[in-house]
Amino acid sequence: MPIIETRDLKKVFRSIKREPGIGGALSTLFSRTYEEKIAVENVNLSLDAGEVIGYIGPNGAGKSTTIKMLTGILVPSSGTIRVAGIVPHERRRENAHNIGVVFGQRSQLYWDLPLRESFELLRAIYGVPRDRYLQNLKHFSDILDLERFMATPVRQLSLGERMRGDFAAAMLHDPKIVYLDEPTIGLDVVAKEAIRGFISEVNRDRGTTVILTTHDLADVERLSRRIVLIDKGTVIYNGSLERLRTEYGTHRTLVVNLSEPYPEFAIEGAELESREQTTVRLRFDRAKMSAEALIRRVTERYSITDVSIIEPDIESIVRRIYLEGYHQPTPAATSLT
Amino acid sequence: MSLARRSFRLAPYVEFAKKAIAREATYRFEVFTAIGSFVVRVYLLRMVWIALYSRNAAPSELPLHAIITYSTVALLMGLVLDIDQTRILHDKLHDGSIATDFMKPISVPLYLFSDGTGEVLFHAALIVPSLILALFLVHVDVPSAGVLLAFFVSFLLGYLVGFFINFILNCIAFWTLEIHAAQLILTWVTDLLGGQIIPLVLFPLAFQKFIFALPFAAMFSTPLLIYVGIIKPARYLEVMGLQVMWLAILAVIATFIWRAGAKRVIVQGG
């Protein structure tokens with residue numbers, strides 16, 4: 001049985017429609033017309049315990065709205081949600097015991113107090129038994145290297161240190177599920193890696209279920225096997241990273257270094273992506289032409305010094321889907337796991 | 001889900017209050033300025049009342065020593081009552097961090113109350129050093145133990161009335177995000193009609209009936225008039241009854257406005 005399940009989840013926000021100009025501003029004081037905006041629609045998610053999914057979408061796609069509904073602080077307009085057997089917004093406090101939340105842009109730590117004091121407070125809030133608390137704290141402190149700044153007021157911590165503190169804070173009560181909303185935003189490479197290592201360890205050792213929203217696809221590639229792509233409020237892809245890569249990464253790029261600049265350079269069966277002096281980039285469809293055939297075709301006509309092939313990365317695939325929309329190549333791909 | 005999890009636990013709220021005390025203690029400069037400005041105001045009000053009383057006939061029920069006692073005790077109470085202990089709600093609505101609190105297994109209004117009480121308790125501790133400093137400048141009458149006890153009970157009721165007034169005001173931020181204007185108006189009204197600066201018994205009689213019935217009088221005026229003995233023990237039940245009535249009315253209003261505001265956040269997404 002899945003630990004998180006949503007059915008036809010929909011959230012509509014109602015806002016006052018504002019007319020432009022001063023006249024419009026005054027008229028909204030007296031008569032109000034409302035307009036409705038669909039934030040998310042037809043969101044069907046199903047996660048098994050211990051799964052990590054990447055929840056990906058451009059700004060305003062509906063990621064945070066979905067997370068808020070899963071935490072129980074936003075009531076869906078229609079559709080159903082079950083998180084660990086509970087309807088979150090009906091039993092908000094009970095649901096809160098099952099979940100941990102980390103927002104990259106917002107801290108749950110006490111700004112004016114040393115980090116340790118925030119942990120003590122969370123221990124009281126969740127009623128974590130003292131021995132369990134100390135055990136968790138020791139464990140997280142070892143992985144995240146918290147000891148150095150445990151006594152420092154949170155406002156004096158660097159972003160990377162604060163985020164590590166926030167991760168420990170979210171995990172102190174052994175939640176079954178954690179929601180991570182852009183947890184690596186603004187972090188340097190070292191801090192990102194520390195955070196990713198922590199998520200992956202927690203998932204492996206404790207079987208914690210993780211929903212990760214991020215703009216940094218490296219997070220997803222490192223941590224999850226499955227991604228859910230959401231755009232304009234609806235899920236446009238739900239499946240494995242590999243499948244997306246093979247279905248969508250149909251085009252590869254051949255980079256050719258020519259021994260002399262050929263102004264008339266052209267190859268049929270491949271599209272000239274760019275050229276800078278003697279370096280040309282050729283985009284080609286892997287289904288229509290093999291790399292070997294293309295290289296042969298190039299070398300038959302031009303003298304070259306070097307070639308290399310660039311495989312499509314997930315980031316460029318996702319960028320393309322945002323721009324062009326997702327076209328299911330086969331009907332099988334539409335089934336939602 | 002075990003039953004233990006659903007039952008009420010006091011521990012988090014005690015901890016919220018403790019953390020609020022610790023937080024306030026980190027602002028040492030605030031502490032010194034609060035005490036400093038208190039001492040200055042005690043001295044200024046003493047000068048004002050001496051000047052006024054030397055040119056006018058003193059009201060029989062409030063001789064000079066009584067009015068100086070009144071204004072000094074009023075300023076001491078102000079160390080506690082002038083704090084907007086639910087300001088944090090406005091801040092949280094403003095920056096959206098209220099969402100994080102709703103994700104915790106706690107009652108959010110109770111959390112705000114505990115946090116505010118911790119803040120107030122810290123400032124209440126400042127009363128002692130402030131009083132000692134004030135005694136170098138002014139003489140403060142001390143009433144009998146019974147009157148003192150009634151004063152403290154009435155003061156506590158006044159604090160709770162003040163808490164709900166502040167809470168309701170900060171709840172307005174659910175809709176407007178900003179409450180500066182409303183807050184300014186409230187400060188003016190409490191300064192004038194609460195009896196902190198000018199005892200309400202000095203107002204024209206016709207006006208007194210009206211202002212004594214307002215909740216602002218329940219904050220400062222009632223405990224102060226008990227302290228200086230203008231309200232006699234025979235009327236204690238009546239005046240504290242009025243305080244309790246306001247407390248109940250404000251608590252009901254606060255409950256409704258909080259529910260409406262929280263619903264707005266969880267249905268409309270803030």
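Predicted model: local features only at pLDDT ≥ 70, side-chain atom pairs only at ≥ 80, totals over all residues.

Colleague: Which residues of helix 7 of chain A are buried, and which are exposed?

Modeller: A residue counts as buried if 20 or more other C-beta atoms lie within 10 Å of its own, and as exposed if 12 or fewer do. In helix 7 of chain A, residues 189–206, the buried residues are A:K192, A:I195, A:I199 and A:V202. These residues lie on the same side of the helix because they cover an arc of only 100° around the axis. On the other side, A:V189, A:V190, A:R204 and A:D205 are exposed.

Colleague: Against which elements do the buried residues of helix 7 of chain A pack?

Modeller: They pack against helix 6, strand 7 and helix 8 of chain A. After helix 7 of chain A comes A:G207, with a positive phi near 65°.

Colleague: In which sense does strand 8 of chain A pair with strand 3 of chain A, and how does it run relative to strand 9 of chain A?

Modeller: With strand 3 the pairing is parallel, over four bridges, and A:I53 has A:R226 as its bridge partner. Strands 8 and 9 of chain A run antiparallel and are joined by six bridges, with A:I230 opposite A:V235. They form a hairpin with two residues between them, and A:K232 in the turn has a positive phi of about 50°.

Terms used:
Residues numbered from 1 in each chain as written. Chains lettered and ligands numbered in written order. Pairing = 2+ DSSP bridges. Expected span 1.5 Å × (residues − 1). Arc of directions from axis to C-beta. Contact = placed C-beta atoms within 7 Å.
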